[in-house]
Amino acid sequence: MIRTLLFVSAAFLVWYALGGGEASVQRVVEQLSSGTGEVPPAIEAEPSPEYILATRAMRVDRLALDDPLVHQFKVLLDALAPKCREDRVRLARAVIDAHAAKLSRGVEMPTLTLLAQADAALSEPTRSSWPTNCADLLGRF
């Protein structure tokens, strides 16, 4: 019994190492779970602006879509939507550019903080100037 378990474990490890690791396991599970054995094509949607900001902030390639940081960026982008002329994609690009400009000057400020400062600067008393050019505002921070 123990020999069988060891043999199966060793076979799995060899298959895992030579067969492509996690991707091969995922393909097999998908094939086994589908009735016909065919894997439906994956639909790759363009990542949301909040997802892009979160992955850049964490300096990783991927995050879970329900990661709390993604949610925090979404909340701030939603709050800034009526205040800014830019759409969410352009606003995210402006945040990335402002963050890069700060880094080039030797100033380390998290992108989330930068976005929160922009939201705070456009408080209710400034409503008469909404929508405003948020890219310019971010560039001034």
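The model on screen is predicted.

**Stop 1: two helices**

Select residues 68-80, which form helix H4, and residues 111-121, which form helix H6. The two helices pack together, with axes 10 Å apart and an angle of about 25°. That angle falls under the cut-off of 35 degrees, so H4 and H6 are roughly parallel to each other. Now look at how they cross: the crossing is left-handed.

**Stop 2: the contact between them**

Show side chains. On H4, pick Leu-69, Gln-72, Phe-73, Leu-76, Leu-77, Ala-79 and Leu-80. On H6, their partners are Thr-111, Leu-112, Leu-115, Ala-116, Ala-118 and Asp-119. Colour this contact by residue type: 10 residues are nonpolar, 2 are polar and 1 is charged.

**Stop 3: the disulfide**

How many disulfides does the structure hold? It holds 1. Select Cys-84 and Cys-134 to find it; the distance from S to S is 1.8 Å. A disulfide is a covalent bond between the sulfur atoms of two cysteines. Turn the view to the S-S bond of Cys-84 and Cys-134: the angle about it is -85°, and the link is left-handed.

Next, trace each end. Cys-84 sits in the loop between H4 and helix H5 (88-104), while Cys-134 belongs to helix H7 (residues 134-140). The pair therefore ties together parts that are 50 residues apart in sequence.

**Last stop: the surface**

Are Cys-84 and Cys-134 buried or exposed? Both Cys-84 and Cys-134 are buried.

Note on methods: Residues are numbered from 1 along each chain as its sequence is written. This is a predicted model: local features need pLDDT of at least 70, side-chain atom pairs count only at pLDDT 80 or more; totals for chains, interfaces and linings use all residues. Side-chain values use heavy atoms; hydrogens and water are left out. Axes are lines fitted to C-alpha atoms, for helices over the stretch in contact, and angles run from 0 to 180 degrees between N-to-C directions. Helices (H or I, at least four residues) and strands (E, at least two) are DSSP runs, numbered from the N terminus. Angles under 35 degrees count as roughly parallel, over 145 as roughly antiparallel, 65 to 115 as roughly perpendicular and the rest as oblique. A crossing is left-handed if the near helix is turned anticlockwise from the far one by less than a right angle, and right-handed if clockwise. Contact means heavy atoms within 4.5 Å. Ala, Val, Leu, Ile, Met, Phe, Trp, Tyr, Cys and Pro count as nonpolar, Asp, Glu, Lys and Arg as charged, and the others, Gly among them, as polar. A disulfide is a pair of cysteine sulfur atoms within 2.5 Å. Buried means under 20% relative accessible area, exposed over 50%, partly exposed in between (1.4 Å probe, protein chains only).
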